[in-house]
Amino acid sequence: MELNENSDYQLCFACGKQNPFGLHMTFRLDNGTVVSDFHPQPEHQGFPGVIHGGIIATVLDEALNRTSMLTEQPAWSMTGRLEIRYRHYVPYGPLLRVRAALGKQKGRMIQATGAVTLADDESKILAEAQGTFMALAPEVLDQIMQDYPGMRTFLERSE
């Protein structure tokens with residue numbers, strides 16, 4: 001299963017490879033969960049040596065949202081609700097990991113949970129989240145992706 005979209009768009013702040021200000025996240029499937037390792041840059045700090053909470057929220061949002069690719073009918077989705085618990089400050093320097101698991105599905109609604117940890121010690125949970133996401137209706141998808149047909153092709157290949 002392919003989790004990384006490689007169309008001509010690539011401007012997503014979290015995963016777009018052509019966004020010069022983005023996080024450039026890439027994802028892999030690991031034991032039924034979506035995983036991404038990422039190395040924050042100096043500009044992602046809030047306090048000195050601490051990654052800004054908004055960056056952590058973005059990382060969790062993207063990973064949890066990406067679990068929509070694990071559903072019976074993979075679909076692009078948008079965040080309906082995201083609840084984050086910051087358990088410890090997220091240090092600047094070490095490689096970090098986000099891991100997300102698909103939860104309940106009902107119609108177009110998808111629920112997921114996830115956590116940010118150190119990549120070399122997943123027992124140290126730095127932040128955790130739960131979220132609700134809505135798969136985009138076909139007419140909304142058509143409108144958003146009218147200039148980027150490759151994004152739709154990505155979904156068709158994932159099925």
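Predicted model: local features only at pLDDT ≥ 70, side-chain atom pairs only at ≥ 80, totals over all residues.
Colleague: What is the strand order in the open sheet?

Modeller: The order is 1-2-4-5-6-3, six strands with antiparallel pairing. Strand 1 (28-30) and strand 3 are the edge strands, each pairing on one side only.

Colleague: How far are neighbouring strands turned against each other?

Modeller: By 30° on average, with direction ignored.

Colleague: Back to strand 3. How many bridges does strand 3 have with strand 6?

Modeller: Nine bridges, in the antiparallel sense, and strand 6 covers residues 121-135.

Colleague: Which strands does helix 1 lie across?

Modeller: Helix 1 lies across strand 2 (33-38), strand 3, strand 4 (96-106), strand 5 (109-118) and strand 6. The angle between helix 1 and strand 3 is about 130°.

Colleague: Changing topic, how much space lies in the largest pocket?

Modeller: About 510 Å³. The lining has 23 residues, and the closest to the pocket centre are C12, E62, W76, S77 and M151.

Colleague: Which element gives the largest share of that lining?

Modeller: Helix 1, with five residues. Helix 1 spans 53-66, and strand 3, at 77-86, also supplies at least two lining residues.

Colleague: And how do the lining residues divide into nonpolar, polar and charged?

Modeller: There are 12 nonpolar, seven polar and four charged residues in the lining.

Terms used. Residues numbered from 1 in each chain as written. Heavy atoms only, no water. 1 Å grid on protein atoms, 1.4 Å probe; cavity = no way out; pocket = protein on both sides within 12 Å on 5 of 7 lines; lining within 4 Å. Points joined across faces, edges and corners; volume = space filled by probe spheres on them. Helix = DSSP H or I, 4+ residues; strand = E, 2+ residues; numbered from the N terminus. Nonpolar A, V, L, I, M, F, W, Y, C, P; charged D, E, K, R; others polar. Pairing = 2+ DSSP bridges. Axes fitted to C-alpha atoms, helices over the stretch in contact; angles between N-to-C directions. Contact = heavy atoms within 4.5 Å.
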